[in-house]
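Please read the points below alongside the sequence and the model.

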Amino acid sequence: MLIVIENVLDAGEVRLFRERLSAAAWVDGAPTAGSRSVAVKQNLQLDRSDPVAVELGQMILRKLGAHPVFISASLAEKIWPPVFNRYENGGHYGTHVDSALMRLPEAGLTIRSDLSATLFLSEPDEYDGGELLIEEQYGAQAAKLNAGDMVLYPSSSLHQVTPVTRGQRVCAIMWMQSAIADAAARGMLFEMDQSIQALSVGRAKDDPDVDRLIHVYHNLLRRWAQV
């Protein structure tokens, strides 16, 4: 299930990120790829310990922690800190799948990657190419979003970033371990929660029909959650 979450960052926040990142110390991103992925990865990244990456990454995590759509869609238990990358001059990342288990030694943390996310920081008209292609059950889906928008998709999917032939594509990427490991169950809970939110508009706070739906939602969450 591919979910687009709009306005994770507003226009002012995007400008701040771009200003800070334009002067950052970018390095070759290939060493962070897996043994097979390294052959198809050509981009630049900020080192995870870079002060700019740490500061901006914390800002993103704070925004996500208060974003109702992200919370509902991901039910995230653990989040790998955002990684900032830049594609230019033909830079690309060929077809690959994200690692199932990801180790963060400095935090003594291992996460199971259930969900991957790309937060776009460049406007789509600033570069050519650079589409994120995600292979789903019914074919490949392309994502090239407005700056400040994010796409959330299963880490188990094959995906790629097509070559950037003009301009720069700057993004932040992250991975999440969800409280609900099963993607189908997680998708059903998201749809139910979104319906509850929509049906609640204009109804009394103690509406019995809405209360029953909330009751079912939380009991399904209790049944399926792994925490």
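1. In this predicted model, Leu-21 is in contact with Trp-26, Leu-46, Val-52, Leu-56, Phe-84, Leu-121 and Val-170, leaving aside neighbours within four places in sequence.

2. Leu-21 also belongs to the largest nonpolar core, which has 30 residues. Several elements each supply at least two of the core residues, including helix 1 (11–22), helix 3 (68–74), strand 10 (115–120) and strand 17 (169–178). The largest share, five residues, comes from helix 2.

3. The loop between strand 14 (150–154) and strand 15 (159–161) contains Ser-157. This serine has a relative accessible area of 8%, under the 20% limit, and is therefore buried. Not counting residues up to four places away in sequence, Ser-157 touches His-96, Val-97, Ile-134 and Glu-135.

4. Helix 4 (residues 183–200) and helix 5 (residues 208–224) have axes 10 Å apart and pack at an angle of about 160°. Because angles over 145 degrees count as roughly antiparallel, the two helices are described as roughly antiparallel to each other. Helix 4 passes helix 5 in a left-handed crossing.

5. Residues of helix 4 that take part in this contact include Met-188, Leu-189, Asp-193 and Ser-200, while those of helix 5 include Leu-213, Tyr-217 and Trp-224. By class, the contact has 14 nonpolar residues, one polar and one charged.

Technical notes:
Residues numbered from 1 in each chain as written. Predicted model: local features only at pLDDT ≥ 70, side-chain atom pairs only at ≥ 80, totals over all residues. Heavy atoms only, no water. Axes fitted to C-alpha atoms, helices over the stretch in contact; angles between N-to-C directions. Helix = DSSP H or I, 4+ residues; strand = E, 2+ residues; numbered from the N terminus. Parallel < 35°, antiparallel > 145°, perpendicular 65-115°, else oblique. Left-handed = near helix turned anticlockwise from the far one by under 90°. Contact = heavy atoms within 4.5 Å. Nonpolar A, V, L, I, M, F, W, Y, C, P; charged D, E, K, R; others polar. Buried < 20%, exposed > 50% of the residue type's maximum accessible area, 1.4 Å probe, protein only. Core = buried A, V, L, I, M, F, W, Y, C linked by side-chain atoms within 4.5 Å.
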